[in-house]
Amino acid sequence: MAKQERSARATGPVGPDVERLVREPDRVRTLREGIFAVADFLAPVVDLCRIYVDGLENLPRDGRFLLVGNHTVSGSAEIVAIPYFVHRELGVRVRGLANRSVADTRGIARDVMEAAGAVPGHPDTCAELMRQDETILVFPGGGRDMLKFKGEEYTLHWERRSGFARLAVEHDYPVVAAGLVGGDDVYRSLLKRGGAWERRSRAIGERLHGVPGVGIPVVRGLGPTLVPRPQRMYLRFAAPINTTRPPQVDVDTWTTTIKGKAQSALESILADLQTLRETDPFRNLNPLAWPKAVQPG
């Protein structure tokens, strides 16, 4: 089911980032059409990878919803898989809220990122996307969720980050949890958070990855190398969370409630998919086990 193109509409004075959303440059539109034509062409190749995907029937058909996902140490599996399968199901471009590096990028690199869906992760940008009824993707844990230490696989570090929930409530935007398992297993972290190395590497870590108060994880892939370990990916979309605020509940309380519901739904997905994966003979991408791969019910 393809999503109808919606006409962008200005909402008063806007900054340069929002301006590009309101009036998408022609060159970005052309790149977008090319990128998604290639994605559609590669669908049979993606199918050969046997990525486990379920819950697509939960996605609102009008494309008006906010996806809330978990970041993994792979750094890319969830960023690619979630938008790809939503586009494949609904024909929409998912607008992923990225860090400010998108806004600082110039030239063709900026055009390609925007064409694929990436936008600066700022409240004004998200609000404008919601006014345009776009499909949006956010990772509330940000970079901190990528910097996993030993024993932190598939844990969420959202802390006080509730801006996504507040915007969803303000715009009456449904929230859909999207959990991915597999990305935290391509590398294994060797040291625990709070240890001597993590504490001593915080200063240089902040300069390298930009996340304050977090050191540098020490990881390995296959054997002692940084070659990623082969892992099957498992993706699930939960039922939409209705964010319409009851009249008797104040905004702050309802925002906290919606954040809690989204986090609980995502944690439940991650736990269920890890359990499902335990019985999957194809979890390590062994070609001999390909015909026996666990499939969605």
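**Exercise 1. Describe the pairing of Arg110 and Glu114.**

Arg110 and Glu114 both lie in helix α6, 4 residues apart, about one turn of the helix; helices (H or I, at least four residues) and strands (E, at least two) are DSSP runs, numbered from the N terminus. The model is predicted: local features need pLDDT of at least 70, side-chain atom pairs count only at pLDDT 80 or more, and totals for chains, interfaces and linings use all residues. Residues are numbered from 1 along each chain as its sequence is written, and side-chain values use heavy atoms, with hydrogens and water left out.

Step 1. An α-helix has 3.6 residues a turn, so residues three or four places apart point the same way.

Step 2. The side chains of Arg110 and Glu114 form a salt bridge, 2.6 Å from N to O. The term stands for a side-chain nitrogen of Lys or Arg within 4 Å of a carboxyl oxygen of Asp or Glu.

Step 3. Both Arg110 and Glu114 are buried, where buried means under 20% relative accessible area, exposed over 50%, and partly exposed in between (1.4 Å probe, protein chains only).

Step 4. Met113 also has its place in helix α6. With 27% relative accessibility, Met113 counts as partly exposed.

**Exercise 2. Find which parts of the chain are tied together by the salt bridges of Arg93 and Arg88.**

Step 1. Over the whole structure, a search finds 20 salt bridges.

Step 2. In one of them, Arg93 pairs with Glu24, and the closest N and O atoms are 2.9 Å apart. Arg93 belongs to the loop between α4 and β3 and Glu24 to the loop between α1 (16-22) and α2, so the pair ties together parts 69 residues apart in sequence. Arg93 and Glu24 are buried.

Step 3. Arg88 and Asp47 form another salt bridge, at 2.7 Å from N to O. Because Arg88 lies in helix α4 and Asp47 in helix α3 (residues 43-48), this pair ties together parts that are 41 residues apart in sequence. Arg88 counts as partly exposed at 37% relative accessibility, and Asp47 counts as partly exposed at 39%.

Step 4. Salt bridges with shared partners join Glu24, Asp26, Arg29, Arg32 and Arg93 into one network.

**Exercise 3. Describe the largest pocket by volume, lining and residue class.**

Step 1. The volume of the largest pocket is about 1,300 Å³. On a 1 Å grid over the protein atoms alone, a pocket is an open set of points with protein on both sides within 12 Å along at least five of seven lines, a cavity is a set of points where a 1.4 Å probe fits but cannot get out, and lining residues have an atom within 4 Å of a point. Grid points are joined across faces, edges and corners, and a volume is the space filled by probe spheres set on the points.

Step 2. The lining has 43 residues, of which Gly96, Leu97, Ala98, Asn99 and Phe139 lie nearest the centre of the pocket.

Step 3. Elements giving two or more residues to this lining include α2 (26-41), α4 (77-90), β3 (94-98) and α6 (107-116). Helix α4 gives the most, with 5 residues.

Step 4. By class, the lining has 26 nonpolar, 13 polar and 4 charged residues.

**Exercise 4. Describe the largest cavity in the same terms: volume, lining and residue class.**

Step 1. There is 1 cavity of 30 Å³ or more, and the largest cavity holds about 40 Å³ of space.

Step 2. Its lining is made up of Val73, Lys148, Phe149, Glu153, Asp184, Tyr187, Arg188, Ser189 and Val219.

Step 3. These residues divide into 4 nonpolar, 1 polar and 4 charged.

**Exercise 5. Which strands pair with β9, and how do the side chains of β9 point?**

Step 1. Strand β1 (residues 52-54) pairs with β9 in the parallel sense over 3 bridges; two strands pair if DSSP finds at least two bridges between them. Leu235 in β9 is the bridge partner of Val53.

Step 2. Strand β6 (residues 175-181) pairs with β9 in the antiparallel sense over 4 bridges. Here Leu180 stands opposite Leu235.

Step 3. In a regular strand the side chains alternate between the two faces of the sheet. From β9 (residues 234-237), Tyr234 and Arg236 point one way, Leu235 and Phe237 point the other way, and all are buried.

How values were computed
Nonpolar A, V, L, I, M, F, W, Y, C, P; charged D, E, K, R; others polar.
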